[in-house]
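Trainee: I would like to go through the terms used for this model. Can we take them one by one?

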Amino acid sequence: MTQTARVYGGSLYDLAAEEQLTEAIMEQMSEIRQLFRENPDYMKLLSEPSIPTKDRTDLIETAFGEQAERYLVSFLKLLCERSILAEYAGCCEEFTRRYNVDHNIAEAVVTSAAKLGEEQMEALKAKLEKMSGKKVSLVQHIDSSVLAGLRVELEGKQLDGTVQGRLSGISRKLNEVIV
């Protein structure tokens, strides 16, 4: 994340907190970020310097003006006007990071070979909340190279319960004994 994204995302968060709109804006930011991911040509269009800025900001108003909070629409226009719309994803990350800090939420990234079921996710979430003492938001990644088990990253710590991780641990212990 760039310094620009930190500053702009943090400023939007401060405004949203002051106006008590953090939940609404965070949800809408996430939806817009997903739209940008799914439609990269739209993002290129909004960033095209050969198109007058007014036309590009009008496109933002047409697309989001009726659905999104005014502060968020104005924020998108500002990024467009300053030719830094590519920083939007980083702004979303900073906004979410600040929200999580203020609400005692830890984000955990769970990596497994197959998609976990709802019950499994809830059980894992409960265990991680008990371990961390915080509310946990789970993000699941599928990685076919994970043979079995789970790898969880929570607050910079990696908890490796995969078969590969366990075998590596056994191998290290054996090497320590042999050496």
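Mentor: We will take the helix pairs, then the sheet, then the pockets.

Mentor: This is a predicted model, in which local features need pLDDT of at least 70, side-chain atom pairs count only at pLDDT 80 or more, and totals for chains, interfaces and linings use all residues. Residues are numbered from 1 along each chain as its sequence is written, and side-chain values use heavy atoms, with hydrogens and water left out.

Trainee: Why are H2 and H3 called roughly perpendicular?

Mentor: Two packed helices are described by the angle between their axes and the distance between the axes. The axes of H2 and H3 (residues 40–47) cross at roughly 100° and come within 5 Å. Axes are lines fitted to C-alpha atoms, for helices over the stretch in contact, with angles from 0 to 180 degrees between N-to-C directions. Under 35 degrees counts as roughly parallel, over 145 as roughly antiparallel, 65 to 115 as roughly perpendicular, and the rest as oblique. H2 and H3 are therefore roughly perpendicular to each other.

Trainee: Which residues make that contact?

Mentor: H2 brings Phe36, Arg37 and Glu38, and H3 brings Pro40, Tyr42, Met43 and Leu46. Contact means heavy atoms within 4.5 Å. By class, five of the residues are nonpolar, none polar and two charged. Nonpolar covers Ala, Val, Leu, Ile, Met, Phe, Trp, Tyr, Cys and Pro; charged covers Asp, Glu, Lys and Arg; the others, Gly among them, are polar.

Trainee: What makes H3 and H4 oblique?

Mentor: The axes of H3 and H4 (residues 53–64) cross at roughly 140° and come within 8 Å. H3 and H4 are therefore oblique to each other. Tyr42, Leu45, Leu46 and Ser47 of H3 meet Arg56, Leu59, Ile60, Ala63 and Phe64 of H4. That contact has seven nonpolar residues, one polar and one charged.

Trainee: How do you know where a helix or strand runs?

Mentor: Both are DSSP runs, numbered from the N terminus: helices are H or I with at least four residues, strands are E with at least two.

Trainee: What makes E2 and E4 edge strands?

Mentor: The open sheet has four strands in the order E2-E1-E3-E4, with mixed pairing. E2 and E4 (157–160) each pair on one side only. The twist averages 20° from one strand to the next.

Trainee: How do you know that E3 and E4 pair?

Mentor: Two strands pair if DSSP finds at least two bridges between them. Four bridges join E3 (residues 150–154) to E4, and the two run antiparallel. Glutamate 153 has glutamine 158 of E4 as its bridge partner. Valine 152 stands opposite leucine 159 in E4. The hairpin of E3 and E4 has two residues between the strands, and glutamate 155 there takes a positive phi near 50°. E1 and E3 are joined by five bridges and run antiparallel. Alanine 108 stands opposite leucine 154 in E3.

Trainee: What makes a space a pocket rather than a cavity?

Mentor: On a 1 Å grid over the protein atoms alone, a cavity is a set of points where a 1.4 Å probe fits but cannot get out; a pocket is an open set with protein on both sides within 12 Å along at least five of seven lines; lining residues have an atom within 4 Å of a point. The largest pocket has 19 lining residues, with Ser30, Thr96, Glu107, Ser137 and Val139 nearest its centre. Nine of the lining residues are nonpolar, five polar and five charged.

Trainee: Which element gives the most to the lining of the second largest pocket?

Mentor: H6 does, with four residues. That lining has three nonpolar, three polar and four charged residues.
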